[in-house]
Amino acid sequence: MLSADEWDILLLSLKVSAAAVLGALPLAFGLAWLLARGRFPGKILLDGLVHLPLVLPPVVTGWLLLLAFGNNGPAGRWFAEWLGISFMFRWTGAALAAAVMALPLMVRAMRLSIEAVDRRLEGAARTLGASAWRAFLTITVPLSLPGILAGLVLGFARSIGEFGATITFVSNIPGETRTLPIAIYSALQVPGSEAVVQRLALISVLLSLGALLASEMLARRSSGGRANHGF
Amino acid sequence: MAFDVDVRRRMGDRQIEARFRAGPGLTALFGPSGAGKTSILAMVAGLLRPDAGRICVDGDLLFDGAVGIDLPPERRKLGYVFQDARLFPHRRVRANLLYGHRLVDSADRWMTLEDAIAFLGIGHLLDRWPRTLSGGEAQRVAIGRALLRGPRFLLMDEPLSSLDTARREEVMTVIERIRDELRLPILYVSHDRTEVDRLATTVIPLGSKP
């Protein structure tokens, strides 16, 4: 079974990934909604920016995070001053890196499900007395819920596997930023730790596979499973 | 006047125009497909903004382009029955029926859920999901949902067009009873002559204009 250290690594990974996807959720949903429904100049540019972490070398993303969210970076200073959150060499920084890397996947899943919502249903809700905001909350959000959940699960899986941007941005600090992949990388540097690598790798495979299966099931449900609720 | 409508709107390369006044009863907008009938209903509902004009229903001014009045759909106190019923797929029949009922001031309600169920004969459908309903059942539920919202008038967009003959008869009877027993002004869109002859108090012919 796992040693105490390995348990800590697993729990840290889960904490970092959960914080990453939950923190990114409002931004991801907002961006997904804008890209699905908005008509504005620069939409293609915004779309490109959202997807950038998907194609950029992770080490570049990590370096850009360092510039922006480091102790002397503009965003880093703002967070420290107004919210008292610092990212450098802390698990919060690992969560931020994971969130940025997971964002494109989350936005894609959510955008597809928002685009699949029949807008005429919102019009019907308006004629029944619902304000635009209420129609959004009672029609658009519940109908795109499977996509929102799929985005969360997919983002979570991506966060669990995050390595390059994290190690560049917040380094490799046991108990703070040494998540599963970074722990595996560290163990590989130490001769005779094959068993540790194997155990941690197995956990990674199980977590990722579980998340992928979950998101696949959610996607299926959204594409017609609702008919199975009644007869 | 129940309906006093004068609207214009450019849709792509088409100009949609309508100007009519009609008394109580059922007013049919009658014309070929593509004459812009649905767009006119959407303008009366507030779902589509006219470029110019004026919409007054039962003495309430809903839209006046000249003075910048444009009530949002939720404040126009109308019931809209769509061609395809347009029930909310994630809510059972009961929750569909009550969606607007719960949003409206209790003073504006004039029908209870029990009344609507008895009026439309839909008591056995309450726990069903919309996807499992036949076309006629879905359309009766849609009518119930619109009535329970406590509307001052109804808009109906070809509510019979997706139904077979037996179901048409069933829904047509319901519409006649809304017209005669509930005495609700209805603005009704159709391209079917027999339907209009049977239901309409007033017929407004619409042709497509270039």
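**Reading the sheet and the helices**

Guide: In S10(B), Ile204(B) is the bridge partner of Leu29(B). Strands (E, at least two residues) and helices (H or I, at least four) are DSSP runs numbered from the N terminus, and two strands pair if DSSP finds at least two bridges between them. Strand S3 (residues 26-30) of chain B is joined to S10(B) by four bridges, and the two run parallel.

Guide: This is a predicted model, where local features need pLDDT of at least 70, side-chain atom pairs count only at pLDDT 80 or more, and totals for chains, interfaces and linings use all residues. Residues are numbered from 1 along each chain as its sequence is written, chains are lettered from A and ligands numbered from 1 in the order written, and side-chain values use heavy atoms, without hydrogens and water.

Visitor: What is the order of the five strands in the open sheet of chain B?

Guide: The order is S7-S8-S9-S3-S10, with parallel pairing. Strands S7 (78-81) and S10 (202-205) of chain B each have a single partner strand, so one side of each lacks a neighbour in the sheet. From one strand to the next, the twist averages 15°; angles run from 0 to 180 degrees between N-to-C directions, and axes are lines fitted to C-alpha atoms, for helices over the stretch in contact.

Visitor: Which strands of chain B does helix H1 lie across?

Guide: Contact means heavy atoms within 4.5 Å. Helix H1 (residues 37-45) of chain B lies across S3, S7, S8 (153-157) and S9 (186-190), at about 155° to S8(B). Helix H5 (residues 165-182) of chain B touches S3, S8 and S9 of chain B, and its direction makes about 150° with that of S9(B).
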